[in-house]
Amino acid sequence: MSDQPTDLRETIGKRYAAAAVQVAEGGTACCGPQAMEIDDNFGSTLYAADDRDTLPAEALAASLGCGNPTVVADLHEGERVLDLGSGGGMDVLLSARRVGVTGKAYGLDMTEEMLALALANQKKAGATNVEFLKGTIEAIPLPANTIDVVISNCVINLSTDKPAVFAEMFRVLAPGGRIGISDVVADDALTPTQRAERGDYVGCIAGALSFAEYREGLVAAGFTDIEVNPTHPVADGMHSAVVRAAKPTTGPVTSGAARPQARDKSGCCR
């Protein structure tokens, strides 16, 4: 019998590896209901022109997100930022500029092709406070309590183990740390079947949580001050949304031993 989560992870990986190759060959890539086609609800057009003008063309072409998490997260000088599903590196490079030389921006991706593209874009941008890591968003290869801000752009909806993603975000954040995420979220009235009717998993639609499910998942992981607010529609009853939450400044410090082990059923985008 086929292991559906593993199959989905492999499909997602192949899709974004192909996107990276396409960009490297001079094309563009975009998330959305029609994979590999440009959609105004996704991509670099959601960023201010001043931001776009500072980045390599290949970073813009590889932009696959549904928002601008670098603005959502309200980054500051000296902060340590982690981008889950960093793709071609656009959000990492923008974050690196915002946190300055006293801060650092990490990018995490599971595909060799996207990592190679991101490293090439880092070199073109001349960013020195950047580090790209290979891994999945369900098992982040960083110690506990070492990150100030976790960002992500239209990636968590692609994971087949979202509780693990939320737990890992909480683990790596330092007490008082926060998340600033752009993601696709479904109306509470839509069933999983109805979400799948509006677009496929790889296209960032079928795997989306509802607003209530997103809040419940973050609460279960330990987050407080949770906000999940829609910004613009991406399909019928499906929205790009801004997600904010914080790790409490008091209480038990997350132990590195609490980190989940990598699992075959995990899946993530880019």
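I'm taking contact as heavy atoms within 4.5 Å, and helices (H or I, at least four residues) and strands (E, at least two) as DSSP runs numbered from the N terminus.

Ground rules: I'm in a predicted model, where local features need pLDDT of at least 70, side-chain atom pairs count only at pLDDT 80 or more, and totals for chains, interfaces and linings use all residues. Residues are numbered from 1 along each chain as its sequence is written, and side-chain values use heavy atoms, with hydrogens and water left out.

Entry 1, burial in helix 9. I looked up which residues are buried (under 20% relative accessible area, 1.4 Å probe, protein chains only) and got Phe211, Tyr214, Gly217, Leu218 and Ala221. Down the axis of helix 9 they sit within an arc of 135 degrees, taken from the directions from the axis to the C-beta atoms, so they line one face of the helix. Facing away from that buried side I found Glu216, Val219 and Ala220, which are exposed (over 50%).

Over the buried residues of helix 9 I found, among others, helix 7, strand 5 (173–186), strand 6 (209–210), strand 7 (224–235) and strand 8 (238–246).

Phe166, Ala167, Met169 and Phe170 of helix 7 meet Tyr214, Gly217, Leu218 and Ala221 of helix 9. By class I get seven nonpolar, one polar and no charged residues; Gly counts as polar here, Tyr as nonpolar.
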